[in-house]
Amino acid sequence: MLRKRALIIALAAVALLAAGAVGVAAGSLPFSLAEIWRGLLGEGDNPLAKQIVRNIRLPRTLTGLLAGMNLAVAGALLQGVLRNPLASPHIIGVNAGAGFMAVLAMIVLPGKVDWVTPCAFAGALMAVFLVYGLSLASRSGETVRIILAGVAVSALLSALTSGLMFINSDNLEISYAWLLGSLSGRGWNHFRLLWPYSAVGVAAALVLAPKVNIFALGDEVGSSLGLRVKAYRAVLLAIASVLAGSAVSVAGTIGFVGLMAPHLARLLVGVDHRYSLGLSALIGATLLAASDTMARTLFHPVELSVGIVTACLGAPFFLFLLFRRG
Amino acid sequence: MLEAFGLSFGYGEKTVLSEVCFSAPRGRIVALIGPNGSGKSTLLRCLRGLLPAREGSVRLFGRPLRDYSPSELSRRVAFLPQSHERVPPVPVCELVGMGRSPYHRTGWVLSAEDRLKIDWAIDYMQLDGLRSRTADSLSGGERQRAWIAMVLAQDTPVILLDEPVTYMDLRFQRELLAVLVDLRDRFTKTIVSVFHDINHALEIADAVYLLKDGRIHGAGESEQVVTESSIRDVFQVGTHLCRFSGRRRAFVVPHGIDNLSDSRAAIIEKGAHLQHDLLPCLEKGR
């Protein structure tokens, strides 16, 4: 069992490296592999290859890997803590909050592209804060109340976002592209914003993985096993929202990765979060990086939104796995 | 060992427990019995500190419950709630292993002692063949054994159980009652358990608390508490207390259901026409 798990996790790590390598190698300009490799090392005599590989493809691919990892780990934490297989970052208001603030920033601060990401991050965190506060106000922080509050807050914020886009239809295309999720034009500044949250968030999630397991037994059994259920629920929700919020604010509201990657991980190694959390991270990163490579190469010169690819690629595969296991 | 003084609890306006005094001595099985809604499960949760007492206090080894940290408490008292509608699809050995979590800061790695205790609990509850089966694929009886094994892996001197044998077939009921007796006799565990069936309480409990409307109606040795008149008072049911040769304890056998009360007969009379007899209609249709 342990050996099988180790093998699957190792394979997933190889897949991640492969997805990263293809992401850096593939693109509209056909460089040779040697040129790409030397460009990556900062050597070589092709300045264009060096510039494109190091300053465009590499940061974009790395950002995609981190965003996918964050969304997947956030989804895994939420599914575990809320004991709900349908939970994913959007269910606690992350996407709607980020989307609302991003669109608002695009309207209020036109042309200031740098402001969109921090505003979206703040929006995501505020939405989660609101959802959690509402769930606490209604007697106790039960899991069902968190989900219902999340759905309600998301619906409200999405409606407001649509309203903003309707009123200010000049920016419609940009806002819409952002909401669909895209890694287009993401560079080192986005990577620098994202990686500290990814590193701290994923490390904290992995350390707390055994606690997430106990949540599956219910709040009462959890308490009687000595787990401070409410405190850990708040901490784990906070970790999930920082992970998802940072990913969404950089890459837009990419759906499905946060729902699907944890399910895939559990199908492969079982529900024990000591293994499935790490595997979710690897699967999510691979999935998003591979989807992004396809999004920008499949219909070249038209670039698809990566959110479209993750769903089109992921949903059938996910259903196949689900029904194969009965 | 585990005591409560003047314990009261309620939700908002509603009082669920009032002025309950309770004591479970070391190495004894104490049964909580009473009608549905009499506060048995609530009392059990207050004794574990899962519900906050409105008045009164609970003491464990002479120390108030709130002086213990969550992990200290979970190394002394184990608690198993009644029904587990939602069973996680974890393998039995992992489920039992979670009983060791009070002894760990993170829970990433199990120690040699943990493994010994987990293996012992699995063997003791006769789950060896089911180790790698997931808990949600087990039958009701096997599942309950797995939960009890988790509680045993927790290795606590006090065990609180909420209707541990309800919904189990006769054989599993007998086996589980024997397990509880064995835990008391060989490991001097203190067991406080809610029983749905008065006879289970009579059979294995050293002391019985009979609850009615959130109050203790009677407490003490089982034969003193459970009498024909106290059962009639609390459950509004006529019973015989029977003794069988070869059985140490008495048994409660309810009166038959042949004799309808007048009020019951009136209700049946009033509503008789609302329950159609379908048979004539079906025959006509054919």
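The following legends describe close-up views of a predicted model.

**Figure 1. Confidence of the predicted model, with attention to chain B.** The model as a whole scores ipTM 0.86 and pTM 0.89. In chain B the mean pLDDT is 88, and 96% of the residues reach 70 or more. Among the elements of chain B, the lowest mean pLDDT, 71, belongs to helix 11 (residues 278–285) of chain B, while the highest, 96, belongs to strand 8 (residues 190–194) of chain B. Where pLDDT is low, the predicted coordinates should not be read in detail.

**Figure 2. Packing of helix 4 of chain A against helix 7 of chain A.** Helix 4 (residues 94–108) of chain A and helix 7 (residues 172–180) of chain A have axes 10 Å apart and pack at an angle of about 155°. Because angles over 145 degrees count as roughly antiparallel, helix 4 of chain A is roughly antiparallel to helix 7 of chain A. The crossing of helix 4 of chain A and helix 7 of chain A is right-handed. On the side of helix 4 of chain A, the contact is formed by A:G99, A:A102, A:V103 and A:M106, which meet A:I174, A:S175, A:W178 and A:L179 in helix 7 of chain A. Sorted by class, the contact of helix 4 of chain A with helix 7 of chain A has 6 nonpolar, 2 polar and no charged residues.

**Figure 3. Packing of helix 4 of chain A against helix 5 of chain A.** Helix 4 of chain A also packs with helix 5 (residues 116–137) of chain A, at an angle of about 140° and with the two axes 7 Å apart. Helix 4 of chain A and helix 5 of chain A are therefore oblique to each other, and their crossing is right-handed. The residues that helix 4 of chain A brings to this contact include A:V94, A:G97, A:F100, A:M101 and A:A105, and those of helix 5 of chain A include A:V116, A:C119, A:G123, A:M126 and A:V128. The contact of helix 4 of chain A with helix 5 of chain A divides into 16 nonpolar, 2 polar and no charged residues. A:A102 and A:M106 of helix 4 of chain A are among the residues that meet helix 5 of chain A, and these residues also take part in the contact with helix 7 of chain A.

**Figure 4. Crossing of helix 12 and helix 13 of chain A.** The axes of helix 12 (residues 257–269) of chain A and helix 13 (residues 273–297) of chain A come within 8 Å and cross at roughly 130°, which makes helix 12 of chain A oblique to helix 13 of chain A. The crossing of helix 12 of chain A and helix 13 of chain A is right-handed. Among the residues making the contact are A:V257, A:P262, A:R266 and A:V269 of helix 12 of chain A, together with A:Y275, A:S280, A:G284 and A:L288 of helix 13 of chain A. By class, the residues of the contact of helix 12 of chain A with helix 13 of chain A divide into 12 nonpolar, 3 polar and 1 charged.

**Figure 5. The open, antiparallel sheet of 4 strands in chain B.** The strands of this sheet of chain B follow the order 2-1-4-5, and their pairing is antiparallel. Strand 2 and strand 5 (63–64) of chain B stand at the edges with a single partner strand each, so one side of each is left without a neighbour in the sheet. Strand 1 (residues 2–11) of chain B is joined to strand 2 (residues 14–24) of chain B by 7 bridges, and B:L7 has B:V20 in strand 2 of chain B as its bridge partner. Strand 1 of chain B and strand 2 of chain B form a hairpin with 2 residues between them, and B:G12 in the turn has a positive phi of about 55°. Strand 1 of chain B also pairs with strand 4 (residues 55–60) of chain B in the antiparallel sense over 5 bridges, where B:R59 in strand 4 of chain B is the bridge partner of B:E3.

**Figure 6. The open sheet of 6 strands in chain B.** The strands of this sheet of chain B are ordered 6-7-8-3-9-10, with mixed pairing. Its edge strands are strand 6 (77–80) and strand 10 (215–220) of chain B, each of which pairs on one side only, and the twist averages 15° from one strand to the next. Strand 9 (residues 207–212) of chain B runs antiparallel to strand 10 of chain B and is joined to strand 10 by 5 bridges; B:V208 has B:G220 in strand 10 of chain B as its bridge partner.

**Figure 7. Contact between chain A and chain B.** In this contact 19 residues of chain A meet 20 residues of chain B. On the side of chain A that touches chain B, helix 9 (209–215) and helix 10 (219–224) of chain A are the elements that give two or more residues. The residues of that side of chain A comprise 8 nonpolar, 5 polar and 6 charged.

Key
Residues are numbered from 1 along each chain as its sequence is written. Chains are lettered from A and ligands numbered from 1 in the order in which they are written. This is a predicted model: local features need pLDDT of at least 70, side-chain atom pairs count only at pLDDT 80 or more; totals for chains, interfaces and linings use all residues. pLDDT is the predictor's confidence in each residue, from 0 to 100. Axes are lines fitted to C-alpha atoms, for helices over the stretch in contact, and angles run from 0 to 180 degrees between N-to-C directions. Angles under 35 degrees count as roughly parallel, over 145 as roughly antiparallel, 65 to 115 as roughly perpendicular and the rest as oblique. A crossing is left-handed if the near helix is turned anticlockwise from the far one by less than a right angle, and right-handed if clockwise. Two residues are in contact if their C-beta atoms, placed from the backbone, lie within 7 Å. Ala, Val, Leu, Ile, Met, Phe, Trp, Tyr, Cys and Pro count as nonpolar, Asp, Glu, Lys and Arg as charged, and the others, Gly among them, as polar. Two strands pair if DSSP finds at least two bridges between them.
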